[in-house]
Amino acid sequence: MRCRIQAVFATVIAAVAIATTAISAPGPFSYGTIQSSCAPWDGPAIGITLTTRPAECKRTSEPFLSIGIWRGLPVQAGQVVKFAPGSDAGFASRCKKEGDCERAQSGTITFDRYEEGSSASGRYELHFKGEETLSGTFDVKWCQERVMCG
């Protein structure tokens with residue numbers, strides 16, 4: 001009986017360790033850039049591009065995730081942005097290359113750190129057709145570009 005309890009305990013510990021690793025592990029899109037952008041009605045927004053390798057301003061490696069946020073600005077550390085059908089907070093898309101993108105059906109972006117003009121980091125979870133989910137952590141640097149909306 002004691003061996004059975006120890007085996008169950010060891011299994012529970014292993015499952016918790018695996019789950020914790022999976023939750024905090026960086027996803028395939030953990031690098032990227034953030035910059036000022038424009039909302040669909042020409043109001044202020046931020047654009048985030050997440051890539052599979054270190055990114056440069058004005059240069060995007062493929063494939064990539066494209067995220068636009070235009071509600072709840074300015075973003076604050078700890079802020080959670082949710083995308084869902086019918087919401088108007090922004091969007092997230094998975095792109096094989098520029099112009100070949102699939103829009104996420106829903107998702108969540110959590111900003112653990114956000115420093116306007118410098119950098120941001122956090123977590124993402126995006127849900128696509130076919131019950132496919134992309135999730136991970138990100139660390140992006142700010143690209144200073146002049147943006148004129150309107």
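How many residues lie between S7 and S8 in their hairpin, and which turn residue has a positive phi? Three residues separate the two strands, and Gly117 in the turn has a positive phi of about 80 degrees. The model is predicted: local features need pLDDT of at least 70, side-chain atom pairs count only at pLDDT 80 or more, and totals for chains, interfaces and linings use all residues. Residues are numbered from 1 along each chain as its sequence is written, and side-chain values use heavy atoms, with hydrogens and water left out. Strands are DSSP runs (E, at least two residues) and helices are DSSP runs of H or I with at least four residues, numbered from the N terminus.

**Sheet**

- Nine strands form an open sheet with mixed pairing, in the order S4-S7-S8-S9-S1-S2-S3-S5-S6.
- The edges are strand S4 (80–83) and strand S6 (100–103), each with a single partner strand, so one side of each has no neighbour in the sheet.
- On average, neighbouring strands of this sheet are turned by 25 degrees against each other, direction ignored; axes are lines fitted to C-alpha atoms (for helices over the stretch in contact), and angles run from 0 to 180 degrees between N-to-C directions.
- Two strands count as paired if DSSP finds at least two bridges between them.
- Strands of a sheet pair through backbone hydrogen bonds, either parallel or antiparallel.

**Strand pairs and hairpins**

- S7 (residues 106–115) pairs with S4 in the antiparallel sense over four bridges, and Phe83 has Gly107 in S7 as its bridge partner.
- Nine bridges link S7 to strand S8 (residues 119–128), again in the antiparallel sense, with Tyr114 opposite Ala120 in S8.
- S5 and S6 run antiparallel and are joined by four bridges, and the bridge partner of Lys97 in S6 is Asp100.
- The hairpin of S5 and S6 has two residues between the strands, and Gly99 in its turn has a positive phi of about 85 degrees.

- Val80 lies in strand S4.
- Val80 is partly exposed, with a relative accessible area of 42%; buried means under 20%, exposed over 50% and partly exposed in between (1.4 Å probe, protein chains only).
- Leaving aside neighbours within four places in sequence, Val80 is in contact with Thr108, Ile109 and Thr110, where contact means heavy atoms within 4.5 Å.
- The C-alpha atoms of Val80 and Gly122 are 9.6 Å apart in space, and the two residues are 42 apart in sequence.

**Largest pocket**

- The largest pocket holds about 310 Å³ of space; a volume is the space filled by probe spheres set on the grid points, which are joined across faces, edges and corners.
- On a 1 Å grid over the protein atoms alone, a pocket is an open set of points with protein on both sides within 12 Å along at least five of seven lines, whereas a cavity is a set where a 1.4 Å probe fits but cannot get out; lining residues have an atom within 4 Å of a point.
- Its lining has 22 residues, and those nearest the centre are Ile48, Thr49, Thr60, Phe64 and Ser66.
- At least two lining residues come from each of strand S1 (31–38), strand S2 (44–51), strand S3 (64–69) and strand S5 (90–97).
- S1 gives the largest share of the lining, four residues.
- The lining has eight nonpolar, nine polar and five charged residues; Ala, Val, Leu, Ile, Met, Phe, Trp, Tyr, Cys and Pro count as nonpolar, Asp, Glu, Lys and Arg as charged, and the others, Gly among them, as polar.

**Backbone geometry in loops**

- The peptide bond from Glu62 to Pro63 is cis, with omega near -5 degrees, and Pro63 lies in the loop between S2 and S3.
- Leu73 and Pro74 are joined by a cis peptide bond with omega about -5 degrees; Pro74 lies in the loop between S3 and S4.
- Lys58, in the loop between S2 and S3, is not a glycine but has a positive phi near 65 degrees, and Lys58 is exposed at 75% relative accessible area.
- Glu131, in the loop between S8 and strand S9 (132–142), is not a glycine either, yet its phi is positive at about 60 degrees; Glu131 is exposed, with a relative accessible area of 77%.
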